[in-house]
Amino acid sequence: MELQRKQTATMSDEKIVDLYWQRDEQAIKETDIKYKRFLLLLANNIVHDMCDSEECLNDTYIGAWNSIPPARPVLLQSFLATIIRRTAINRFNANKRQKRIVSEYTVSLSELEDFIADEGDMNAEMETKELAKVISNYVRSLPDRQMYIFVSRYYIADSIATISNELGCSVSTVKREITSIKNGLKKHLESEGYVL
Amino acid sequence: MTIEKLSDAITELDSDILDRYFIMKQSLDEKKNPRKRTLVKWASLAACLCLIITAGIIILPYIVEPPLEGPYTYYYVGDIVESSLGTVTFENNNTSEGKCTFILEKKTNDPICFAFRGYTILREYIDKDGVALQEVQQYHIITPYGNYKEAANNHIVVDDKLIITVNGENVDTIPMDCGTYEITIDYSQLYDMLDGIRPAVEVIGFKKFVSFVFGDDGIER
């Protein structure tokens with residue numbers, strides 16, 4: 001059955017978004033056919049629990065249904081990835097209060113922790129969105145390969161082994177690139193006035 | 001700054017970055033899956049081939065000058081041709097008068113017609129190699145025959161320029177019933193209508209395509 005599912009021709013993002021705009025529930029079905037596997041993977045990278053990932057997925061579909069319209073995303077995958085990441089992080093934080101969760105998400109975050117100061121040194125005036133803009137400007141300036149590694153590691157929370165497999169290079173190469181990206185991000189944040 | 005703030009900020013990365021990422025991811029997936037690419041490539045080739053074959057089947061009849069069916073066979077004054085329609089004898093032809101005569105022994109009630117081919121010159125021109133060419137409009141001039149009008153393709157079909165005489169009497173069309181008929185066709189009006197006439201008249205029916213040749217000088221062969 002899975003093989004049959006893979007061979008099913010998927011609808012284009014444009015047509016799926018049109019279904020959302022027409023308030024046709026087929027939009028959810030088509031979204032599920034095209035992106036379920038990816039979205040579950042992303043959610044599971046963060047929450048490390050398939051049941052929680054399924055719940056995040058359902059919340060994502062609801063979020064998409066409520067957001068489109070007025071939104072009209074060009075690349076639906078990016079739009080959905082943002083929703084499920086937020087949902088999964090919220091679920092992760094809720095679970096974290098109850099127990100420690102080992103997931104690729106926590107491991108990837110810990111890589112960035114070494115240049116982040118304590119909460120007491122936080123620049124209170126900098127909002128999350130402004131910080132997002134600064135980071136976006138940095139990531140946008142990266143070559144394709146480093147951009148790919150950054151998003152894979154810190155947004156999708158893929159393992160280093162997975163990233164190295166996708167890029168067709170060694171784990172040590174990916175680790176070296178990550179070190180270079182981290183150093184570059186640190187310099188960029190400092191140049192934008194962040195005290196680290 | 002806290003790690004949570006950093007994580008939240010990364011969640012809010014600009015969408016163009018994510019778009020760029022997913023496009024690159026798709027490209028990497030395609031490179032990793034050559035079998036899928038090969039299948040897609042061969043499927044595309046097969047689809048193109050089917051399209052070409054289908055187009056050829058549809059278009060070819062419009063390119064090749066059609067008999068309705070079968071190849072041309074050429075016969076001359078005095079020849080007798082037998083077919084499932086019956087027997088056709090090419091009695092005589094007088095090109096200067098523009099008349100030819102056949103003896104038709106019809107064995108079936110199938111419709112048949114006599115058809116002439118000719119052309120008018122639309123324009124004359126010199127091509128890039130210096131060759132003088134003519135652009136022509138082609139015509140089928142027939143004794144009335146409904147199906148043939150549809151089969152004429154890019155030829156203009158005309159069915160009122162031939163004067164038909166059957167057993168000495170003027171008629172509008174070739175008889176349908178079985179029987180023996182002396183058929184004279186006066187095609188002299190074509191000389192005013194056309195710039196050129198092919199030196200053959202065709203007897204067209206369901207079963208066979210027969211072409212009777214007559215020279216410009218009307219000499220028997």
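Trainee: Which residue is the bridge partner of Thr165(B) in strand 9 of chain B?
Mentor: That's Asn170(B). A quick word on where this comes from: this is a predicted model, where local features need pLDDT of at least 70 and side-chain atom pairs count only at pLDDT 80 or more, while totals for chains, interfaces and linings use all residues. Residues are numbered from 1 along each chain as its sequence is written, and chains are lettered from A and ligands numbered from 1 in the order in which they are written.

Trainee: What makes strand 8 and strand 9 of chain B a pair?
Mentor: Strands pair if DSSP finds at least two bridges between them. Strand 8 (residues 163-166) of chain B and strand 9 (residues 169-171) of chain B have three bridges and run antiparallel, so they pair. Their hairpin has two residues between the strands, and Asn167(B) takes a positive phi near 50° there.

Trainee: What does strand 8 of chain B do with strand 10 of chain B?
Mentor: Four bridges join strand 8 to strand 10 (residues 179-186) of chain B, again antiparallel. Thr165(B) stands opposite Thr184(B) in strand 10 of chain B.

Trainee: How many bridges link strand 5 and strand 6 of chain B?
Mentor: Strand 5 (residues 113-126) and strand 6 (residues 132-142) of chain B pair in the antiparallel sense over 11 bridges. Ala115(B) has Ile142(B) as its bridge partner in strand 6 of chain B. In that hairpin, with five residues between the strands, Gly130(B) has a positive phi near 85°.

Trainee: Why are helix 8 of chain A and helix 2 of chain B called roughly perpendicular?
Mentor: The label covers angles of 65 to 115 degrees. Axes are lines fitted to C-alpha atoms, for helices over the stretch in contact, and angles run from 0 to 180 degrees between N-to-C directions. Helix 8 (residues 144-155) of chain A and helix 2 of chain B cross at roughly 105°, their axes coming within 10 Å. Therefore they count as roughly perpendicular.

Trainee: Which residues of helix 8 of chain A make the contact?
Mentor: Asp144(A), Met147(A), Tyr148(A) and Val151(A) do. Being in contact means that C-beta atoms, placed from the backbone, lie within 7 Å.

Trainee: How many residues does each chain give to the contact of chains A and B?
Mentor: Chain B gives 22 residues and chain A gives 32 residues. Helix 2 (15-32) of chain B supplies nine residues, the largest share of the side of chain B that touches chain A.

Key
Contact = placed C-beta atoms within 7 Å. Parallel < 35°, antiparallel > 145°, perpendicular 65-115°, else oblique.
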